[in-house]
Amino acid sequence: MKVVLQNLTKIFPSRNKKEKNGEVIAVNDFNLEIPDGKLIGLLGPSGCGKSTTLYMISGLQTPTRGKIFFGDDDVTKLAPENRGIGLVFQNYALYPHMTVQQNILFPLQNLKGNQRLSKEEMLKRANEVAKLVQIDEYMQRKPAELSGGQQQRVAIARALVKMPRVLLLDEPLSNLDARLRLQTREEIRRIQRDTGITTIFVTHDQEEAMSISDYIVVMKLGVIMQTGKPQWVYDDPANLFVAKFLGAPPINLFTGRVEGGKLFIGEEDVLDVGDVEDQEVYVGVRPEGFLLTGEGRLTCSVSGVDVMGRDVSVVSTNANSLNALVRAIIASDDAGKIDGDTVKFNLKPHKVLIFNKETEKRVYFGGQIASHEAMLQKMKEEGQDYVTHTGPLPREADDKPKEKKELPKTKMQVVGGFFKNSFNKVKGLFKKKGTAEETPAESDEGGAAGAPSDEPGDETPREEAATVETKEEAPMPETESSENTSDSEV
Ligand SMILES: Nc1ncnc2c1ncn2[C@@H]1O[C@H](COP(=O)(O)OP(=O)(O)OP(=O)(O)O)[C@@H](O)[C@H]1O
Ligand SMILES: [Mg+2]
């Protein structure tokens with residue numbers, strides 16, 4: 001089932017009592033076509049409007065403006081129970097007093113009219129989906145007797161049992177530990193492929209979205225920033241926000257400028273960029289974009305080398321870097337070329353992304369122009385719009401990359417820095433993968449690592465409803481009459 005969102009907008013009255021007539025634009029003029037049978041990852045930082053978008057598609061919230069189509073049907077005004085959707089909420093919940101089987105059967109028992117099924121049919125369906133999500137052996141258990149991952153799969157089974165036209169998953173893995181998260185996300189992918197149900201998967205974890213989705217939609221403050229195949233969006237981000245949001249380890253950012261067809265970081269001319277106009281820029285270099293071949297053009301001070309088997313992560317500093325540390329991943333064979341405290345990198349042109357400092361929009365150069373156009377063409381052939389935001393970027397007050405303030409160094413600091421560098425370098429040689437500290441620039445809006453999770457071993461039954469079948473019996477996360485966040489109901 002194709003899903004089309006047309007100028008979809010949701011405006012909430014502000015909760016801030018000091019702001020008179022204030023409003024929150026949770027979803028702002030969303031235009032999106034979700035192709036039939038695909039899995040779409042809706043991705044963005046907390047508060048960017050992912051859940052609100054999902055609730056509008058499900059019918060639990062009414063759009064302020066805009067339309068929603070399932071296929072050719074305008075469903076904007078249709079009640080949730082008539083839309084044929086399966087929904088797993090951010091804080092999924094099972095009915096604690098019911099067995100797994102009763103939980104899964106629940107949505108079927110509420111079918112009305114000619115949709116009603118016989119008891120045998122209901123049991124058959126429940127068994128089928130239980131097998132699909134591999135919880136059929138726990139049918140007689142109560143939720144409290146299941147692990148978090150098993151409960152999550154029951155919630156998914158319950159969403160699937162009515163054979164929905166569209167499956168909506170709001171952070172369905174948020175309560176799982178790292179291993180189960182990985183396992184369950186692969187299962188969701190398998191189930192989606194097996195059933196071919198058009199699925200929208202909401203997450204703020206970029207790695208999760210990248211690994212599971214056919215297409216990703218990156219959002220910021222209610223606005224679509226970019227859509228496309230995960231790898232394409234990673235390789236070809238439209239603006240600084242998308243470049244920062246995707247990638248682990250994150251992109252290395254520097255302040256720089258283009259002058260006379262050359263890209264400068266500080267006083268070093270690091271790359272030829274051809275016909276690009278002179279301008280102040282942010283320079284993003286993916287960790288895999290550095291080369292250690294002969295005499296390089298970007299000089300950094302080495303603070304450590306992390307050996308990661310096939311690759312080596314060189315951790316260094318540069319006065320123009322916006323991240324506290326520059327992280328370069330190079331082939332281990334080249335590690336021998338690091339000699340002394342400074343390292344001189346060359347940059348791979350297709351891994352260097354430059355953004356106008358004022359607008360933060362991408363500035364294409366050289367071969368990037370042709371590869372960008374090739375991607376647009378491929379998307380078109382696949383019947384997909386390669387959407388990128390064209391207007392000014394929405395921004396919060398404190399949203400700009402933080403430029404480092406260089407304090408004048410005292411003699412003691414310089415000497416101290418030398419010892420610290422040497423110590424870190426030696427320490428780095430013994431460091432294993434994944435133990436390196438994070439940079440402050442990584443932890444701002446771009447730092448999209450794990451979702452908040454419950455305490456491990458939390459045995460309190462989850463109370464929030466995960467069905468939209470009956471308004472009376474199933475407590476809603478957010479309805480128009482009681483618009484408070486679903487999070488507060490846990
Ligand atoms: N009922 C409501 N009343 C007022 N503001 C709301 C309401 N629901 C959501 N908001 C606001 O709308 C914005 C989007 O919220 P939403 O829950 O859709 O974000 P999200 O992307 O799902 O975030 P998260 O990743 O934290 O779940 C936020 O600024 C939020 O505070
Ligand atoms: Mg949410």
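**Reading helices and sheets in a predicted model**

Visitor: How many helices and strands does the protein chain have?

Guide: The chain holds 10 helices and 21 strands.

Visitor: What percentage of the residues in the protein chain is buried?

Guide: A residue is buried if 20 or more other C-beta atoms, placed from the backbone, lie within 10 Å of its own, exposed if 12 or fewer do, and partly exposed in between. Of the 490 residues in the protein chain, 42% are buried. V315, in strand β17 (residues 311-317), is counted as buried because 23 C-beta neighbours lie inside 10 Å. The C-alpha atoms of V315 and G304 are 5.0 Å apart in space, although the two residues are 11 apart in sequence.

Visitor: How many of the residues of helix α1 are buried?

Guide: In α1 (residues 50-58), nine of the nine residues are buried, so the helix is largely enclosed by the rest of the structure. Among them are K50, T53, Y55 and I57.

Visitor: In what order do the strands β1, β2, β4 and β5 form a sheet?

Guide: Two strands pair if DSSP finds at least two bridges between them. Here four strands make an open sheet with antiparallel pairing, in the order β2-β1-β4-β5. At the edges stand β2 (23-34) and β5 (73-74), each with a single partner strand, so each has one side without a neighbour in the sheet. Helix α1 packs on this sheet and touches β1, β2 and β4, its direction making about 65 degrees with that of β2. Two residues are in contact if their C-beta atoms, placed from the backbone, lie within 7 Å, and angles run from 0 to 180 degrees between N-to-C directions, with axes fitted as lines to C-alpha atoms, for helices over the stretch in contact.

Visitor: How many bridges join β1 to β4?

Guide: Five bridges connect β1 (residues 3-13) with the antiparallel strand β4 (residues 65-70); T9 faces R65 of β4. The antiparallel pair β1 and β2 has eight bridges, and L8 lies opposite F30 in β2.

Visitor: Which pairing has the open sheet of six strands?

Guide: That sheet has mixed pairing and runs β6-β7-β8-β3-β9-β10. Its edge strands, β6 (85-88) and β10 (223-228), each pair on one side only. From one strand to the next, the twist averages 15 degrees. Strands β7 (residues 166-170) and β8 (residues 198-203) run parallel and are joined by five bridges, with V166 opposite T198 in β8. Helix α4 lies across β6 and β7, at about 165 degrees to β6.

Visitor: At what angle do the axes of α4 and α5 cross?

Guide: Angles under 35 degrees count as roughly parallel, over 145 as roughly antiparallel, 65 to 115 as roughly perpendicular and the rest as oblique. The axes of α4 (residues 148-160) and α5 (residues 178-195) cross at roughly 20 degrees and come within 10 Å; the two helices are therefore roughly parallel. Their crossing is right-handed: a crossing is right-handed if the near helix is turned clockwise from the far one by less than a right angle, and left-handed if anticlockwise. At this contact, G148, G149, Q152 and I156 of α4 meet L180, T184 and I188 of α5. These residues comprise three nonpolar, four polar and no charged. Ala, Val, Leu, Ile, Met, Phe, Trp, Tyr, Cys and Pro count as nonpolar, Asp, Glu, Lys and Arg as charged, and the others, Gly among them, as polar.

Visitor: Which residues in α2 meet α4?

Guide: V100, N103, I104, F106 and P107 of α2 meet V154, A157 and R158 of α4. This contact has six nonpolar residues, one polar and one charged. The axes of α2 (residues 100-109) and α4 come within 7 Å and cross at roughly 30 degrees, and the helices are therefore roughly parallel. The crossing of α2 and α4 is right-handed.

Methods
Residues are numbered from 1 along each chain as its sequence is written. Chains are lettered from A and ligands numbered from 1 in the order in which they are written. This is a predicted model: local features need pLDDT of at least 70, side-chain atom pairs count only at pLDDT 80 or more; totals for chains, interfaces and linings use all residues.
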